[in-house]
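Let us take a walk through this model together, one region at a time. Keep the view open as you read.

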Amino acid sequence: MESLNPVFPVVWQNDHLELIDQNRLPDEYDLVRISRSEDLAIAIEDMIVRGASAIGVAAAYGIYLGAREIQATERALFLNRLEAVAQTLRDTHSTAVNLSWVIDRMLKAARQTAGDVARIKSVLLETAKQIQNENLQTCYQIGNHGQQALPETPQKLRLLTHCNAGALATAGYGTALGVVRSAWLDDRLERVYATETRPRFQGARLTAWECVEEGIPVTLITDGMAAHCMQQGMVDAVVVGADCIAANGDVVNKVGTYGLALLAKAHHLPFLVAAPLSTVDFGCATGAQISSKTRDGKEISHIFDRPICPMGTEFYNPASDMTPAELVTAIITEQGAIAPSDLHQLKHPPEKR
Ligand code: MRU
């Protein structure tokens, strides 16, 4: 099942990477050309590319770009320098577990490739393309499996989503928004409610943009309006993405996700988390072990460079929060929708077996 108007945030163009600049949407659709791995690291930190899966896909190409710049022809020295490239990319995002997963997979591909450095470089490019394609296929599968997890309702579904776990946050199609897209294509969806997602407005700028581009009815609400909408019976289920899922099913995602999970429970609504298995950290027992990055207070104090509070105000700006597994109705992966407590039954993605 594919969307009618596909969006691909990360595109390999012959010898460089092209990223949709996600900071400029929806006003401008700009493409950023990336030819060096250091520039990709900055692009991830600046959130030109964001969303756990998209960061992972971009980082796979980032490893190749870094490898391409290494002059060493001696294998051991080359692999050593590649570790340094990997570390710079790894340090760009502490919670997006796909990033570590992709980097480990790329390093493993390099180590396991027999032959000279030129051969390793070409395998790295092929592996990056494979990771990208796999992520896209995974999103289609998540979209499909998500249909079984959605509630049966007398009317068409009204789904609420947070932040952007759409095509822009993946290789394409999306995870949470992939479930929304598939429901739309199956003619089961009435509309999607997008929370604006303070402080960076990924819901308003990105999720609403994706929906409008595709003709999916979208209603934007501020983050504080979700409780009211649920109380008014306007929402049938909540579906969100994840930055990292612990082995016990605890979910770390964009700050505000936990609040929505509590609200969904209070209103007896399914709370669904859609994510590829590469987002599950099977080595991490619970969400308490996952750290959340605190971002610059200027993201809160200013809206598009305009101050919204007096000088002297202090800020707390965590990027993500942790939703305990007991609040999650189902986790939708490429292998199907399951209860968080059954996560351990799923097959780990190849590099984690
Ligand atoms: O801070 P962001 O915009 O990278 O946050 C993104 C999310 O919270 C997504 O839900 C998550 O990364 C999953 S993307 C498939």
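Which residue in strand 14 is the bridge partner of Asn 253? It is Asp 321. Please bear in mind that this is a predicted model.

**The open sheet**

That bridge belongs to a pairing of strand 9 (residues 251-254) with strand 14, which is antiparallel and runs over four bridges. Helix 9 (residues 257-266) packs on the sheet here, with contacts to strand 9 and strand 14. The direction of helix 9 makes about 35° with that of strand 14. Seen as a whole, the open sheet has four strands in the order 11-8-9-14, with mixed pairing. Its edges are strand 11 (280-281) and strand 14 (320-323), each of which pairs on one side only.

**Around strand 4**

Now turn to strand 4 (residues 157-161). Four of its five residues are buried, so strand 4 is largely enclosed by the rest of the structure. Strand 4 pairs in the parallel sense with strand 5 (residues 189-195), over five bridges, and there Thr 161 stands opposite Ala 194. Together with helix 6 (residues 176-185), strands 4 and 5 make a right-handed β-α-β unit. Strand 4 also pairs in the parallel sense with strand 7 (residues 237-240), over two bridges; in that pairing, Leu 159 has Ala 237 as its bridge partner.

**The ligand shell**

There are 18 residues around the ligand, and those that come nearest are Arg 50, Ala 52, Ala 169, Gly 241 and Lys 254. Helix 2 (52-69) and strand 9 are the elements that give two or more residues to this shell. By class, the shell has seven nonpolar, eight polar and three charged residues.

**Backbone details in the loops**

| Peptide bond | Geometry | Omega |
|---|---|---|
| Leu 25 to Pro 26 | cis | near 0° |
| Arg 198 to Pro 199 | cis | near 5° |

Pro 26 lies in the loop between strand 2 (16-20) and strand 3 (31-34), while Pro 199 is in the loop between strand 5 and helix 7 (202-214). Thr 197 is also found in the loop between strand 5 and helix 7. Though not a glycine, Thr 197 has a positive phi of about 70°.

His 268, again not a glycine, has a positive phi of about 55° and sits in the loop between helix 9 and strand 10 (271-274). Are these two residues buried or exposed? Thr 197 counts as buried because it has 23 C-beta neighbours inside 10 Å, whereas His 268, with 7 such neighbours inside 10 Å, counts as exposed.

Notes
Residues numbered from 1 in each chain as written. Predicted model: local features only at pLDDT ≥ 70, side-chain atom pairs only at ≥ 80, totals over all residues. Pairing = 2+ DSSP bridges. Contact = placed C-beta atoms within 7 Å. Axes fitted to C-alpha atoms, helices over the stretch in contact; angles between N-to-C directions. Buried ≥ 20, exposed ≤ 12 C-beta atoms within 10 Å, placed from the backbone. Right-handed = clockwise from strand over helix to strand, strands pointing away. Near = placed C-beta within 6 Å. Nonpolar A, V, L, I, M, F, W, Y, C, P; charged D, E, K, R; others polar.
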